[in-house]
Amino acid sequence: MSLRVILAGFSTLLMTVAAQAHPIGHSEPLPPWQAATSWPDRVIATLSGDPATEFSATWRTDISVGRTIIQIAEATADTRFDLGAETYRAKTESVDLETFRVSDGAMESLENVGLGKAHYHSYTFTGLKPDTLYAWRVQGGRGHWSEWYQTRTASTSGPISFVYFGDAQNGVRPTWSRVIRAAFQTEPYAAFFLHAGDLVQKGDSDYNWAEWFEAGGFIHAMIPVVPVPGNHENITVFSEGPSPKRTRVRTPLWRPQFTLPVDKSLPDHLQESNYDLRYSDDLHLFVIDSAQDTFDAQATWLDEKLSNSTAKWRIVTMHHPYFLPESFDRNRDDAARRAALSSVIDKHEVDLVLTGHVHTYGRASLPETQQTARRALGDANAVRTVFVISSSGAKNTDIWSADRVEQSVGDGATDLGDLSLDRVAGNTPMFQVLRINGDVLSYEARTAIGDIYDAFQLRKTVTGQKQLTQGAPAFGETRLFSNTGPYREWWDLR
Amino acid sequence: MINRLLACFALIGLVCSPALAHPNHAPAAPPWQFPSSWPDRIIVSPGKDPQTILTLTWRTDATVSSAIAEYTIASADSRFDIGALPKAARYERVDFSQTNYAADRGGPPNEGLGPVHYHSVTLDGLEPDTLYAYRVRGAQGHWSEWFQTRTAPTEGAVSFLYYGDAQYGILSHASRIFRQGLLSAPNARFVLHAGDLVNKGDRDLEWGEWFQASGFIHAMIPVIPVAGNHEYLETPDGGTKDGKGVLTDLWRPMFTLPVTKSLPKSLRETVFDMRISKDLHVFVLDSSSPYWNEQLDWLVATASSSDATWKVIGMHHSPYRPGLQGYVNNPDRGDFHRARQDAFIAAAERAEINLILAGHNHSYTRASLGDDVGPGLPDAQARVVLGQKREVDLVVIVSISGAMSGNMTPEHFAKNKQKFSDDISLERWATNTPTYQVVRIDGNVLNVASHLGTGEVYDAFSLTRSQDGTVTLQNLAPAFGTVRNFDTTGPYKDKADLR
């Protein structure tokens, strides 16, 4: 045996040992895309104030990185656009991944045993120029920089597009990755990507979040993210004492991971989860944390916000849907939520309500006048609000039977109250592209292979009324479990 | 003897320490450089027939010797993956203690890195213009995500991206060019990197940066890499400069590219052609190889028998060398290059090549060759005006994606041009300006847009091919904007501070 062979064998052995040594308590090493290091990862851009002049960056390192910095420069076409970049000190939060402690109690996360703590760093850039491309990068340990990411601030007026995703939740890295990347290919200049709750299955699981960040990769850092919390972003904590009380609270990973608007008029538990973003004169977005038990306070907040909003298009997003087939309406919370919010949404004639939760696709509208006949291509109908349920992950629920769709769509869906069910799909992860150009909002729902499955246009008249025109894709064959490929639950996806 | 062996082990232990420790404890090395039993550096490339063949290549540590891929036609279903077909991978072991390295550096550049395995699979018998989903596996259960990638179409419009040298600031700076390119051409059919992807072709860290800079793009949009002189290692007797270097041992494991059997063995996976579609035939040359005339003979034979509407060459060195002082000042080297260039132009004309995509000069230049191209720059006034068309034989583009800019000027160009040919006209140039190019082919029209790092279009032209095969060039509006050079742009700093 030559020395070279011995040495090669030895170094292989050492590498193997090293690979298995981490983390403590796991027999198997963490996937490289999960383990925290002194290099920045999970880098994400979010909107936390005025999108025309501010955006935030958040990133993660291991706990060896105490204080660190961020840099920003206006992106130019020069080779060294980075000369003269400004440097700022980041805010750092330490998160104990193994034991989550909140005011209502604590949770031992069995998902995170052996992971210890991680540091999340963040910074909000302010005083930026509207509609301007910026380059920014973040540091972990000294000299451990990310690449330069380019992110554009909002324009105060003009066309806007954004992408909206329903629940990613299951098979996030294996299969949802293709959905977010297809969305990026479809709408690369989107102003933001909106995730309508249940981003992951287990809100406490660092592995689950690692999947979510890995699936988006650098997209998360280029296109600002608007995350909406869902019920799966909640965890269960137990109070201390002889008779522990069980409470559902938002995962303590949410706020460190995402830097979002803080609204002091709301209770503490809604900070960075219930917020509004006035994107431009044409778009005002209202995010409702529908997984909390405080609908009345949130309805009051929404009412005030909508009363003061002059934006042309006003969109509410929340995880739980506003409409559901009655057969699926098992959760009385949903009814309570609707009761609290429906009058506000109706009063202000909110244009769109974007939701998730049901792991299916459904689009319904509230007509200004009762419809009897099914709408035909090219017809324009006056509507008050359009409601969408969508899902982008691998889990899908079979709730639309062929009979039911025929009945619902054909008869104006009288079983949904006053709503008219315009388009449904089963077994089909989807992403939606919304484009706003003055008085016209164009919507399309696309499948993971990029095909347009559903489309409509809303046009605002001078009197403020909305005319809904169905697009041709809305009249294609309905995708259901009965006429698509085989389905299997997501358990085997890793 | 035992003592000496132990000493050796201790030494190796020290040398290996960056790899041995978890990335947490290895301050100098980023975590994305290290191999693991999970797949990384995943890249898809077109096969010889891009309509029916795609190749997949990925890396793991040396613990993984039986990797597989799975693939299926992508559908809109939740579980599109049910029924995917497995395919066993081959692997090539890269032992950094054995790989070649440049003679001008004292020792191996990859100290401390253990051996790695590059796995590859060729998917053949695919359907044209079809979206496929695939994933690759390292150790048991260690799968990549499912990537979606599309085979080339038999006919119809095709667009693709082309990048010049990344080389310096690959992750820090060139990444924005690669990603901005995807924004401008999200449905590009392939991405061509025209050589000098890295600065030191034998250094794993730089390849780690190169893969990290594009991330999942490499696994979605098939990549055609071209070998440049920095993928070659300089030999003690004159380096690559006179065509005597050797290709880095990392190239063939990292990429799975067509082998042209009729050419010398040293050109396998660096010289090949791909008939993308009815309208487009791509030829990749290895301009750093000593076997130049062999490549040109092959080019003439292959391209002349091609009935594609457009014939495009990707090669690292452009057939002229604006801004390269050595060319002017060193007659020996000048003669060497000139001989190669003259031979190339003769071959390209015989092969009826329309477009050459090159790098090397760290600047942006676009030039036309032909009998009737006019004086061109630096006499900018004489240049054809917006809207006018004229016949050209060949268009040559040189661009740069990385963070080192050369200082080519029209004066350099004119000086070199005299040595080269009068039938060449410089249409547009820039320094201090990384760009990416989107090439769109639709039947008889080929459009090129050169974008800045901010996405704006800096240069644009179209080529139109008539029935009789003549090609007319039309400069489009962006070609007439203010010239970007060191006087008209922001400050520049040499690459020394870049990681």
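This is a predicted model: local features need pLDDT of at least 70, side-chain atom pairs count only at pLDDT 80 or more; totals for chains, interfaces and linings use all residues.

Colleague: Is strand S2 of chain A buried or exposed?
Modeller: The residues A:Phe55, A:Ala57, A:Trp59 and A:Thr61 point one way from S2(A), while A:Ser56, A:Thr58 and A:Arg60 point the other way. A residue is classed as buried if 20 or more other C-beta atoms lie within 10 Å of its own. By that criterion 7 of the 7 residues of S2(A) qualify, so the strand is largely enclosed by the rest of the structure. The answer for S2(A) is therefore buried.

Colleague: Which residue is the bridge partner of A:Ser56 in S8(A)?
Modeller: S2(A), residues 55-61, pairs with strand S1 (residues 41-46) of chain A in an antiparallel manner through 4 bridges, and there A:Ser56 stands opposite A:Thr46. S2(A) also pairs in the antiparallel sense with strand S8 (residues 117-125) of chain A, over 7 bridges. In S8(A), the partner of A:Ser56 is A:Thr124.

Colleague: Which strands stand at the edges of the open sheet of 4 strands in chain A?
Modeller: The order of this sheet is S4-S3-S9-S10, with antiparallel pairing, and the twist from one strand to the next averages 30°. S3(A), residues 69-74, is joined to S4(A) by 4 bridges, with A:Ile72 facing A:Glu86 as one bridge pair.

Colleague: Which element gives the most residues to the largest nonpolar core?
Modeller: This core has 132 residues, and those touching the most other members are B:Leu56, B:Phe160, B:Leu192, B:Ile356, B:Leu357 and B:Val396. Beyond its neighbours within four places in sequence, B:Leu192 has contacts that include B:Phe160, B:Ile224 and B:Leu357. A second, separate core of 123 residues includes A:Ala168, A:Val350, A:Val358 and A:Leu421. To the core of 132 residues, the most, 6 residues, is given by H2(B).

Colleague: How many charged residues are on the side of chain B that touches chain A?
Modeller: The contact takes 65 residues from chain A and 67 residues from chain B. On the chain B side, helix H1 (2-20), strand S7 (131-136) and helix H2 (170-184) each give two or more residues, and H2(B) supplies the largest share, with 9 residues. By class, this side has 33 nonpolar and 24 polar residues, and the number of charged residues is 10.

Definitions and conventions
Residues are numbered from 1 along each chain as its sequence is written. Chains are lettered from A and ligands numbered from 1 in the order in which they are written. Two residues are in contact if their C-beta atoms, placed from the backbone, lie within 7 Å. Ala, Val, Leu, Ile, Met, Phe, Trp, Tyr, Cys and Pro count as nonpolar, Asp, Glu, Lys and Arg as charged, and the others, Gly among them, as polar. Two strands pair if DSSP finds at least two bridges between them. Axes are lines fitted to C-alpha atoms, for helices over the stretch in contact, and angles run from 0 to 180 degrees between N-to-C directions. A nonpolar core is a set of buried Ala, Val, Leu, Ile, Met, Phe, Trp, Tyr and Cys residues joined through C-beta atoms within 7 Å. A residue is buried if 20 or more other C-beta atoms lie within 10 Å of its own, exposed if 12 or fewer, and partly exposed in between; C-beta atoms are placed from the backbone.
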